[in-house]
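Hi,

Here is the structure I promised to pass on. Have a look at it first, and then read my notes below.

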Amino acid sequence: MARTVYTLEFERPLLALEAKISELKQLSSGTSVDFTDEIGKLERKAKKLQAEIFRDLSRWQVVQLARHPNRPYTLDYLSSLFTDFVELEGDRRFAADRAIVSGFARFDGQPVLVIGHQKGRSTKENMLRNFGMPRPEGYRKARRLFDLADRFRRPIITFIDTPGAYPGIGAEERGQAEAIAVNLEVMASLGVPVISVVIGEGGSGGALGLGVANRILMLQYAWYNVISPESCSSILYRDASKAEKSADALKLTARDLSSFGIVDEIVEEAPGGAHRDGALTAQNVAAAVRRQLAELSKLSPEELVRDRYRKFRAMGVYASAG
Amino acid sequence: MAWFQKTATKVKAKAPPVATKGEGLFHKCDACNEVVYKQEWEANFHVCRGCGHHEALPVRRRLEMVLDPNTFEELDTELAPADPLGFSDAKKYKDRVRSTFKNTGLRDAFVSGVGAIDGVKVSIGCFAFEFMGGSMGSVVGEKVTRIFDRAHDLRAPAIVFSSSGGARMQEGIFSLMQMAKTSAALHRFREVRKPYISVMLHPTTGGVAASFAWLGDVVIAEPKALIGFAGPRVIEQTIREKLPEGFQRSEFLLDHGMIDAIVPRPELRQKLSQLVQLLG
């Protein structure tokens, strides 16, 4: 699918420079004038500029990268890293929910369950995917497949990428909170390896509903938190435009979460962000998942449940008042 | 020249103390405005005898209400909020916690321990909504987790009264992870085959509703409590419509099969007693 150009403000100088380079390249191929030196110089300059921009990204800039529409989504990882994918869609209760995709596939030849949030790129796709915001049916579908994976002893890989679970009338009527709650407990009970990769947005309970894993990996420019920076700022400052400030206050980047010991591994993205080179980013994801899966595969079902319990049991920071 | 000089003394009109005929003796119902004897209203656990409206009941009073006299032993009282993010908005989180502690006498939004209901030992806890909207940060998550740990070790029923706006923003990702932590601890508790009864009070939303509160073996709600995942304001902003009357209230949830029963507060102790004996 042709991807529309979507430029973030802070990428502009870099993209301008790159446009100039490709212009020169085109020019030099049509004439006898040799621009090789000039092009080389500009390419080095572009590389340096990119490094400079990305070295000091603000948290708000990271949030913008996490939402970049050309960023790889779950289905992109499914097609580049997995083979034999068979999608299973039924929650057996009410409806199919296309904000979550799920099914069995092979990773390095090994059968696994893959479940992930799915956003759309076009308006039409986003209608279908509900902007990656699941309704209870999505979580109940996931729950059904978690049970299957557990029974057939298939490792589980989840991809997290949602602004949050959908806050609508129907979703409430059918028990959005209950559906997420049940997944938290079911995931805690699974006797198979569970690896979650936060690939874009980790929006609160809607993200965690697929996230109770033995290992939590997070892409370099993804965010994960209890609330989106916009909602946080509309509560705190009654002004959604202070999201930049809220992003800093919430500490929601991979680096933050890794320093808190919540995230086990940060997966490096392609230079300039995953949207600049999805294939390279996917390779990095594959390498990390492969490594974690190899370690977890040594554990028995009971050990896997214990490992997950201990991991989450230790989360939280509090004081002891004398 | 004036014979007398006016001095500009402002006369402060101080209202004479009005005899309010027993200020503090009466209580006006929030819902029906009926005025009743405060003592009688308190004896009825803050429930209006006229219209049945349930007003908030202080956390310790609630525990006394359901437990046998003098059996409640509060535990984990040493747990107090830390500030892992160094969070600050208009006010520093640390200062907010300190001033809330001063106003409420509570270290955080949850009181828990052990007690007995008609002689059956239970591991029990209750939210204090007056502490930062009953929001769940690391302390609340840890206390709820210990309720299940203790119930597991004692092989006793667990009871949690929830009343919360959800996870506490000021502790960021740590708050979110309390949802997973409590649910994992609850799962471990299930193996001892004792009941966990969740009672949802007004209001219970967000990360608390979407974790242990909705995972009760039995889920009970008080009448007309607001219970749901998203708050009504967020839903209205999303769908750009006014929500129907009674949406997300206990009665609505019961009709949709999302909870097991609505129990008026004065009957709560008896219902809990029946349940722990039938299942415990």
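In chain A, the C-alpha centres of domain 1 and domain 2 lie 36 Å apart. Those domains run over 9–56 for domain 1 and 63–313 for domain 2, with bounds that come from an automatic or database domain assignment. Before going further, please keep in mind that this is a predicted model, where local features need pLDDT of at least 70, side-chain atom pairs count only at pLDDT 80 or more, and totals for chains, interfaces and linings use all residues. Residues are numbered from 1 along each chain as its sequence is written, chains are lettered from A and ligands numbered from 1 in the order in which they are written, and side-chain values use heavy atoms, with hydrogens and water left out.

Back to the two domains of chain A. Domain 1 of chain A puts eight residues into the contact and domain 2 of chain A puts in 10, where contact means heavy atoms within 4.5 Å. Together they bury about 620 Å², and 46% of that comes from carbon and sulfur atoms. (Buried area is the accessible area, with a 1.4 Å probe, that two parts lose on being put together, summed over both.) On the domain 1 side of chain A, A:E11, A:Q50 and A:F54 supply 66% of the buried area, more than any other three residues.

How many salt bridges are there between domain 1 of chain A and domain 2 of chain A? The count is one, a salt bridge being a side-chain nitrogen of Lys or Arg within 4 Å of a carboxyl oxygen of Asp or Glu. The side chains of A:E18 and A:R276 meet in a salt bridge at 2.5 Å, N to O. The elements giving two or more residues to the domain 1 side are α1 (12–30) and α2 (36–55) of chain A; helices (H or I, at least four residues) and strands (E, at least two) are DSSP runs, numbered from the N terminus. That side divides into four nonpolar, one polar and three charged residues. For these classes, Ala, Val, Leu, Ile, Met, Phe, Trp, Tyr, Cys and Pro count as nonpolar, Asp, Glu, Lys and Arg as charged, and the others, Gly among them, as polar.

Now chain B. Its assignment gives domain 1 (1–55) and domain 2 (57–279), and 34 Å separate their centres, taken over C-alpha atoms. Eight residues of domain 1 of chain B are in contact with nine residues of domain 2 of chain B. The area buried between these domains is about 720 Å², with 61% from carbon and sulfur atoms. In domain 1 of chain B, B:F45, B:H46 and B:H54 lose the most area to domain 2 of chain B, together 73% of what that side buries. The rule finds zero salt bridges between domain 1 of chain B and domain 2 of chain B.

Next, the interface between the chains. The contact takes 50 residues from chain A and 59 residues from chain B. Chain A and chain B bury about 4500 Å² between them, 72% of it on carbon and sulfur atoms. A:E172, A:E185 and A:Y318 supply 15% of the area that chain A buries against chain B, more than any other three residues.

There are three salt bridges between chain A and chain B. A:E185 forms a salt bridge with B:R190, with the closest N and O atoms 2.6 Å apart. Several elements give two or more residues to the side of chain A that touches chain B, among them α7 (169–173), α8 (176–189) and β9 (318–320) of chain A. The largest share, 10 residues, comes from α8(A). By class, that side of chain A has 31 nonpolar, 10 polar and nine charged residues.

The chains also share strand pairing. β9(A) and strand β4 (residues 79–81) of chain B pair in the antiparallel sense over three bridges; two strands pair if DSSP finds at least two bridges between them. In β4(B), B:A80 is the bridge partner of A:A319.

One last thing: over all chains, the structure holds 41 salt bridges. A:D84 forms a salt bridge with A:R106, the closest N and O atoms being 2.9 Å apart. A:D84 lies in strand β1 (residues 83–87) of chain A and A:R106 in strand β2 (residues 100–107) of chain A, so this pair ties together parts that are 22 residues apart in sequence.

Cheers
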